[in-house]
Amino acid sequence: MIRRQLQEASRLLREAKSVVLASHLNPDGDTLGCVLALQAALEGLGKRVVTLSSDGVPEIYRFLPGSVKVLSCTEQRGFDVAVVCDTGMPERIGKARDAVFSARVVIDIDHHVTEGAFGDVRIQQPKAAATAEIVYRLFKVMDVPITPAIATCLLTGIITDTGLYRYMNVSPATFRLSATLMEAGASPSEIAEEVFESRSFASVKLLGRAIEHIQSEDGGRLVWSYISYNDFQELCATDEDTEGIITQLRAVRGSVVLALLREVKPGRVRVSVRSRDERIDMARLAEKFGGGGHRLAAGFWVEGGIEEAKQQVIEALREWMHCSTSTSQRA
Ligand SMILES: [Mn+2]
């Protein structure tokens, strides 16, 4: 039960005068939706709020109310309370760390299952489809009115973390909460258009490159692709433009594990991995590479060129798939 933690967090936030909020690196719709919903709610209560996202706010999330106030870092210290959302482990908040851990109390709100939980108050609910669901519960305990702005932020978290209600994390509760947020003024069609149908031209070209490079292994169970540093340069694209590409690889029939490698800088490759099989735990694989995530969706970095990374990662994936699904003891 997280009821006690929610009550504790509610009390701390109501008593606080200053609050710092932090999202994770390579921020997604859930982490940003959560911190921006909290920003709106806490400002509504008259708190001084600083919202941090080390990697800024990707263009597709700039429609979120209050996103212009997000800072990539701050010199301010000594906040009454810090709230970190959707983060798995403290390393994933990047430069926001110093401000967050200078706060008197740190609250960690998360639906990740990694073992990196931290903070003085830990509100964890692995069954929640998105951290936004937990933040909504916190608002109910705090008796905060759900304004259209707050509803939009929270519904964005749900829509993005469920891939438009397509993933296994969706439960009847997800739809019930979505309906409530819609009644409070959020528009799923507007959110979907902003997030999924407002890609830059370079980003759609990059998707083409990823599809062109697609590979299938292990009888089609492992589907992966890559984007080289050259691709990025040629198309004048950035890592931000790769958002959502891995989702497109899921289109391949029979695919169980998906991976996308992108050489964002020469010799530095970001890897995203997805699984459709609960037994093949992507968070645990990512942890081996110093990354993290959920059972079915995770990410990590590999040092080295794209060719080196391809070999290393695909070999690890093959092995991981094999030992995760074989009847013998797991490695
Ligand atoms: Mn999330």
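Two residues are in contact if their C-beta atoms, placed from the backbone, lie within 7 Å. The structure is a predicted model, in which local features need pLDDT of at least 70, side-chain atom pairs count only at pLDDT 80 or more, and totals for chains, interfaces and linings use all residues. Residues are numbered from 1 along each chain as its sequence is written. The chain is divided into domain 1 (3–196) and domain 2 (201–325), with bounds that come from an automatic or database domain assignment.

**The two domains**

- Domain 1 and domain 2 have C-alpha centres that lie 26 Å apart, and their contact takes 13 residues from domain 1 and 11 residues from domain 2.
- The side of domain 1 that touches domain 2 has six nonpolar, five polar and two charged residues, where Ala, Val, Leu, Ile, Met, Phe, Trp, Tyr, Cys and Pro count as nonpolar, Asp, Glu, Lys and Arg as charged, and the others, Gly among them, as polar.

**Helix α6**

- Helices (H or I, at least four residues) and strands (E, at least two) are DSSP runs, numbered from the N terminus.
- The 12 residues of helix α6 (residues 172–183) should span 16 Å at 1.5 Å a residue, and the end C-alpha atoms are 17 Å apart, which agrees; the expected span is 1.5 Å times one less than the number of residues in the helix.
- Thr174, Leu177, Ser178 and Leu181 are the buried residues named in α6, and they cover an arc of only 105° around the axis, which puts them on the same side of α6.
- That arc is the one formed by the directions from the helix axis to the C-beta atoms.
- A residue is buried if 20 or more other C-beta atoms lie within 10 Å of its own, exposed if 12 or fewer, and partly exposed in between, with C-beta atoms placed from the backbone.
- Pro172, Arg176, Ala179 and Glu183 are exposed, on the face of α6 turned away from its buried side, whereas the cover over the buried residues includes α4 (131–142) and α5 (148–161).
- Just after α6, Gly185 takes a positive phi of about 120°.

**Nonpolar cores**

- A nonpolar core is a set of buried Ala, Val, Leu, Ile, Met, Phe, Trp, Tyr and Cys residues joined through C-beta atoms within 7 Å.
- The largest nonpolar core has 61 residues, of which Ala82, Val135 and Leu154 touch the most other members, and its largest share, nine residues, comes from helix α2 (residues 29–44).
- Leu154 is in contact with Gly33, Ala37, Ala132, Val135, Tyr136 and Leu181, leaving aside neighbours within four places in sequence.
- Another core, of 34 residues, lies apart from the largest one, and Val223, Leu260, Phe300 and Ala309 are among its members.

**Residues in loops**

- Asn26 lies in the loop between β1 (18–22) and α2, and this residue has a positive phi of about 45° although it is not a glycine.
- Asn26 counts as partly exposed because 19 C-beta neighbours lie inside 10 Å.
- Tyr165, in the loop between α5 and α6, is also a residue other than glycine with a positive phi, near 65°, and with 14 C-beta neighbours inside 10 Å it counts as partly exposed.
- Val70 is found in the loop between β2 (48–52) and β3 (81–85), yet counts as buried because 22 C-beta neighbours lie inside 10 Å.
- Val70 touches Thr51, Ser53 and Val57, not counting residues up to four places away in sequence.
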